[in-house]
Structure formats: C-alpha cells, structure tokens
Amino acid sequence: MAEFHNPSLQVFELSGSQGPDIGLELFSKVRYFRVLVCGGDGTVSWVLDAIERHNFESPPPVAILPLGTGNDLSRVLQWGRGFSMFDGLGGLSTLLQDIDHAAVTMLDRWKVNIREENSEGYMEKEQSKFMMNYLGRYLELLLMDFFHLSVS
C-alpha cells in the first residue's frame with residue numbers, strides 16, 4: 001500500500017490482496033471527500049461497488065484518470081480516452097485542476113439480485129451485482145426510434 005501522510009491527499013494502491021475498502025475506511029468519518037480512480041472501467045466499478053457497500057450518508061464524488069484498456073466510462077463522462085491525451089495539455093497538474101473544478105454528474109447504477117433455486121423451488125444461492133448505464137442519450141434515442149417504428 002502506497003500511503004502519503006498529507007491529511008488532504010491519500011494515495012492507495014489497489015491490488016488483488018487490497019481493494020479500495022482500506023482507503024474508504026480511513027475516510028469513513030470525513031464528511032466530504034473526493035475519490036480519484038486511476039484505472040479503467042473495471043477499477044472504477046470496483047471502487048464504486050466498495051463505495052456502495054460502505055453506505056455513506058453522502059457518497060463521495062468520483063473522478064477518473066483513464067489508465068485502462070477501453071476507458072468507455074471515462075470517455076462517456078468526457079474525461080477522455082486515456083492519460084496520453086493530457087500530455088500536450090499540461091499533463092497531470094492540468095487534470096487535477098480540471099477535477100477540482102468539475103461539476104458532479106449522477107451515474108445511473110442498478111442493483112440486481114440474482115437468486116438460484118433448486119428443483120423444489122427453494123432458494124439455494126443469492127448474489128447481488130451492480131450495473132451501470134453510461135451508454136448515453138444516443139442509444140436511448142435509437143431504441144425509442146426502433147420501438148416507434150416497430151409499433152407503427
């Protein structure tokens with residue numbers, strides 16, 4: 001775990017043995033804090049799931065430094081396709097300033113409960129998964145148009 005002891009900035013390295021919960025626990029009593037996730041869609045989902053489990057009274061805003069393969073969520077939220085895009089624009093310091101002045105955007109997340117029943121109809125296993133909708137308005141309009149054409 002990489003940890004700096006500046007009270008206003010803490011860095012946590014996520015790995016298979018240490019997830020985001022340690023960092024979130026550290027800030028559990030802090031009324032307002034922000035999270036910067038450095039990674040791709042999988043890392044962002046991992047951190048958002050952990051924030052959901054912590055059930056904060058006011059969940060922290062999350063910014064993305066796109067370091068993943070696809071970076072779809074980052075691209076849709078207009079944080080860019082990857083970190084290299086910031087090289088000619090002032091690099092990391094510009095990105096951090098942009099994050100500091102960014103507006104918070106709500107993300108559409110759903111919790112889906114999956115229940116497995118045995119042959120007698122008794123529940124054997126239950127799992128919860130979180131899903132995000134970040135396909136944007138274009139897909140919604142396309143689906144509405146398709147539905148309208150199929151009904152007419």
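**Entry 1: F33**

I began at F33, which touches L24, F27, F56, P60 and P61, with residues up to four places away in sequence not counted. Contact here means heavy atoms within 4.5 Å. The model is a predicted one, in which local features need pLDDT of at least 70 and side-chain atom pairs count only at pLDDT 80 or more, while totals for chains, interfaces and linings use all residues. Residues are numbered from 1 along each chain as its sequence is written, and side-chain values use heavy atoms, with hydrogens and water left out.

I then looked up the rings. The structure holds 2 aromatic pairs. Rings of Phe, Tyr and Trp (its six-membered ring) pair if their centres lie within 6.5 Å; planes under 30 degrees apart are stacked, over 60 edge-to-face, and the rest tilted. F33 and F56 make an edge-to-face pair, at 5.6 Å centre to centre and 70° between the planes. F33 sits in the loop between α1 (21-26) and β1 (35-39) and F56 in the loop between α2 (41-54) and β2 (62-66), so this pair ties together parts 23 residues apart in sequence. I noted that F33 and F56 are both buried. Buried means under 20% relative accessible area, exposed over 50%, and partly exposed in between, with a 1.4 Å probe and protein chains only. Ring pairs also bring F27 into a cluster with F33 and F56.

**Entry 2: the whole chain**

I stepped back to the protein chain, which has 5 helices and 4 strands. Helices (H or I, at least four residues) and strands (E, at least two) are DSSP runs, numbered from the N terminus. The order from the N terminus is α-β-α-β-α-α-β-β-α. Of the 152 residues, 23% count as buried. I found an accessible surface of about 11300 Å², with 55% of it belonging to carbon and sulfur atoms; the areas come from the Shrake-Rupley method with a 1.4 Å probe, and for residues only the protein chains shown count as cover. Among contacts between residues at least 6 apart in sequence, 47% join residues at least 24 apart.

**Entry 3: α2 and the cores**

I followed α2 next. This helix has 14 residues and reaches 20 Å from its first C-alpha to its last, close to the 20 Å expected at 1.5 Å a residue; the expected span is 1.5 Å times one less than the number of residues. Its buried residues are D41, V44, V47, L48, A50 and I51. What do the buried residues of α2 pack against? They pack against α1, β1, β2, α3 (72-76), β3 (108-117) and β4 (123-133). Just after α2, I noted N55 with a positive phi of about 50°.

The largest nonpolar core has 14 residues, and L24, F33, V35 and V44 have the most contacts inside it. Its largest share, 5 residues, comes from α2. I saw that another core, of 5 residues, lies apart from it and includes A63, W79, L95 and I99. A nonpolar core is a set of buried Ala, Val, Leu, Ile, Met, Phe, Trp, Tyr and Cys residues joined through side-chain atoms within 4.5 Å.

**Entry 4: β1 and β2**

I checked how β1 and β2 pair: they run parallel and are joined by 5 bridges. Two strands pair if DSSP finds at least two bridges between them. V35 has V62 in β2 as its bridge partner. In β2, 4 of the 5 residues are buried, so this strand is largely enclosed by the rest of the structure.

G39 lies in strand β1. Is G39 buried or exposed? I found it buried, with a relative accessible area of 6%. Leaving aside neighbours within four places in sequence, G39 is in contact with I64, L65, P66, L67, G68 and N71. G39 and T69 are 30 residues apart in sequence and 8.7 Å apart in space, C-alpha to C-alpha.

N113 has S128 in β4 as its bridge partner, and K111 stands opposite F130 in β4.
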